[in-house]
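Biologist: Could you walk me through this structure? I'd like to start with how the helices pack.
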Protein chains: 2
Amino acid sequence: MAPTEIPDIVIGRLPIYLRALSVMSATGQEITSSHELGERLGISSAQIRKDLSHFGEFGKQGTGYRISHLQEQLRRILKVEREWDVALIGLGDVGHALARYGGFKDRGFQIALVFDNDPAKIGQPVGSLIIQDVALLPDVVQQRGIQVAMLAVNAKSAQAVADLCVKGGVKAILNYAPINLSVPNGIRVQYIDPVTHLQRMTYYLA
Amino acid sequence: MAPTEIPDIVIGRLPIYLRALSVMSATGQEITSSHELGERLGISSAQIRKDLSHFGEFGKQGTGYRISHLQEQLRRILKVEREWDVALIGLGDVGHALARYGGFKDRGFQIALVFDNDPAKIGQPVGSLIIQDVALLPDVVQQRGIQVAMLAVNAKSAQAVADLCVKGGVKAILNYAPINLSVPNGIRVQYIDPVTHLQRMTYYLA
C-alpha cells in the first residue's frame, strides 16, 4: 500500500506505540497485546489493531505481539532504524534544552548542526558542536544533506528561518515558535506549542 | 450540546484556530473565512466549518468570520477567557525554558508555583517565584485550587510526580517526560515529546 493511502492520524499514533513498547521492553517484557497497549495509552484495542493492520500482520490471534519484532517493524515503517542528522536553529533556553536532551538517542535522531543569528553566540560551543551563523544554513544543510530541522527561534524570526531551511533542502520542520509556518507543498511541519496542549485540556475543566 | 459529545480531535483543533486568528488580528485584519484559515493551517475549509458548527453559528454565508468575535467565542469555549494558575514541576533546562516562556501571557495561563526535589534548588528564585519542595506539592496545590500542572521532570520521576499532582487535585497534566503516565479516569494528560513529532515526519521522507 502506498504511504499516501494511510491517514496521517494513523502515522501519528505509531510513534506513541513505539514509545510504549520501548518502556515495556526496558522492563524485560517480551510479549504484549493490543488490549494491554490500549489500556496503557487510552486507545481502544480495536483502533490499535486497525492501525497496525495497514502495515501487515504483526501478531497472531490470541498470542499477542512479540515486542522486539513489533518495535523493529515500527522503526522500519517510521524510518528510524537509521539515525537522522538534525539541524537545530536558535540557542536560547529551548534550544539549549534540546541540545542537552537525552531522549533523541536510540530513537532515530541526533543534532548534527546548531545555528543562531546572535554574533555573541556564533562560534561558541554547545556540547561537541560549534554554533554557526544562520545565514550559512542553506549551504551547510544542503552540503550535509540534512532533511530535518528543529526551530527554537522566536515567533518573529521563525518564518524567515523556515524559508532558509526550505532553501537548504529541509523536508521536515519541528517548530517551537508559537506561529504557524507557511511552507511549500511536500514540506512537513509539526508544532510544539505548550499552550495549544493546555487549552485542549482546559476545555474539560470545571 | 454536552461537551462529551464533541470528539476530542475537534477540541484539539480549536487552539490551532485561535492561534491563527491571533496572528491575523495582530496584523490588524478584522475578517477571515474558513477558506483563508484552512489555507493557512493546511486543513480543509469544510472541516473548519464543521468543527465550528458544533458550537453554534460564528459567521454568515459569504461574509466570513469577524475575527475578534470568533476569538472571543473560542476563548470562552476553551475556558481561557480567564487565566489558569499552573504548577511547574522540575527546574532543569526545560523547566527554566517554560518559566521564562513569554507565550503563556494573554493565552490563559500563568505559572504560579514551581517545584523541584533537588535540595540545591529548593528555596532558590525563578523569576518572581521561589522553588518549593515537591514533597509539599499535594498540600500547596490543593490549597491554591490549582488544576493544571506541567511536568518537566525526568522519565524516572514522572509517574511519582504525576501521582502527587493527582493527590493535590490537579486535573490536567502537560507532560514533557518521555514516558506515558498512568492516571485515574477524569484526569487529562497531554504529551510533549519532540521525538514522536519527528518520527511522524520521517515516515514521509525518502
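Modeller: Contact here means heavy atoms within 4.5 Å, and helices (H or I, at least four residues) and strands (E, at least two) are DSSP runs numbered from the N terminus. This is a predicted model, in which local features need pLDDT of at least 70, side-chain atom pairs count only at pLDDT 80 or more, and totals for chains, interfaces and linings use all residues. Residues are numbered from 1 along each chain as its sequence is written, chains are lettered from A, and side-chain values use heavy atoms, with hydrogens and water left out.

Biologist: OK, which residues of α1(A) meet α2(A)?

Modeller: From α1(A), A:I16, A:Y17, A:A20, A:L21, A:V23 and A:M24 meet A:E36, A:L37, A:R40 and A:L41 of α2(A).

Biologist: And at what angle do those two helices of chain A pack?

Modeller: Helix α1 (residues 8-26) and helix α2 (residues 34-41) of chain A pack at about 100°, with their axes 11 Å apart; axes are lines fitted to C-alpha atoms, for helices over the stretch in contact, and angles run from 0 to 180 degrees between N-to-C directions. That makes α1(A) roughly perpendicular to α2(A), a label covering 65 to 115 degrees.

Biologist: Switching topic, how many salt bridges are there over all chains?

Modeller: The whole structure has 17, counting a side-chain nitrogen of Lys or Arg within 4 Å of a carboxyl oxygen of Asp or Glu. One of them joins A:D8 and A:R188, at 3.9 Å from N to O. That pair links distant parts of the chain, since A:D8 lies in helix α1 and A:R188 in strand β10 (residues 188-191) of chain A, 180 residues apart.

Key:
Parallel < 35°, antiparallel > 145°, perpendicular 65-115°, else oblique.
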